[in-house]
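Hello,

Here is the structure for you to look through. My notes follow it.

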Amino acid sequence: MTIQDIRSFNRFYTNVIGALDYSRQLYAPYTLTEARVLYELAHSLRTDAADLRGELSLDAGYLSRILAKFEQDGLIERAPSETDTRRRHITLTVRGREAADLLDERSREAVGSLLATVPADDRPRLTEAMRTIRDVLSDGRPPPLSASLERGDPHRREDVVLRDPGPGDLGWIVERNAALYAAEHGFNTDYEGLVARIVADFAEDHDPHLERVWIAELDGRAVGCVMCVRDEAPGAARLRLLLVEPDARGLGIGDQLVRACIEFARGVGYREMVLWTNDVLSAARKIYQRHGFVLLAEKPHRSFGVDLVGQDWRLDLHGAQD
């Protein structure tokens, strides 16, 4: 391979994905760099300018101008860091998240249209070629999950991305909850029915400003989820359906998902967060305790084909900060 080979490929691929005219391709008023900054902000629980510069290898002055534009347009807010007064945390506003969601939706549509032109028989070959390029040029970063799991290669916490659900993700939540709880705790199909109703209620009628679902993604694969919805009690949010795939545990994904729920609920004005779980879910209970949830009540019951002890937990969102 020569330098010219790589440059030729770069010119070809930037034309394929429309990188040179990104805003027109997605019908959005953002350059490719601005869209990438929005993406990072939308998928990071906490970040600041230094984090963004390191992640995206951007010039400090260039990034500063982008952030100033975002702030002027009402897309971001900045607040002093709790641990380092020299830094300022950057978070998306409701308007900023809507902009990021719109960009994500249009990006998915654009890639879907591109993929539709590729014959089905050629798609595995294309996927493998992309993985090969990523592996060779990744500078020592872990390979894709599908390849590394067989070899036991490690992943890092920063490899995990939290994102909004895309097409098929809500169905994935139902399927994985049913399969994992059956395998690990012996739950029958009654539990699958419960999860399906919860997910269907969210899909059919939810307030996007007050309710959200997060999907944890690792190397392009969904490995976890959680949901924040309104509770019947005024001013209360309810955490539901926390799940982490067994082969992705140990990376702090459960903590990230719960923290995302808490920060979202606190940010939109809920006074408290509640949840219901069962005593057999010891790993999840430890996560809740770490984030300040307090056990309110316990009650034995028989559900999903097994004997359980149900637990109600509560977190004061205006008390100790997570």
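Helices (H or I, at least four residues) and strands (E, at least two) are DSSP runs, numbered from the N terminus. The model is predicted: local features need pLDDT of at least 70, side-chain atom pairs count only at pLDDT 80 or more, and totals for chains, interfaces and linings use all residues. Residues are numbered from 1 along each chain as its sequence is written, and side-chain values use heavy atoms, with hydrogens and water left out.

The sheet comes next. Seven strands build an open sheet with mixed pairing, ordered S3-S4-S5-S6-S7-S9-S8. Strands pair if DSSP finds at least two bridges between them. S3 (160-163) and S8 (294-303) are the edge strands, each pairing on one side only. From one strand to the next, the twist averages 20°. S6 (residues 236-244) and S7 (residues 272-278) run parallel, joined by three bridges. Arg238 stands opposite Val274 in S7.

Two helices lie across strands of this sheet. Helix H12 (residues 282-290) lies across S6, S7 and S9, at about 160° to S7. Angles run from 0 to 180 degrees between N-to-C directions, and axes are lines fitted to C-alpha atoms, for helices over the stretch in contact. Contact means heavy atoms within 4.5 Å. Helix H9 (residues 169-185) lies across S3, S4, S5, S6 and S9, at about 65° to S6.

Now a helix pair. The axes of H4 (residues 49-56) and H5 (residues 60-72) come within 10 Å and cross at roughly 120°. H4 touches H5 through Ala49, Leu52 and Arg53, which meet Ala60, Leu63 and Leu67 of H5.

Best wishes
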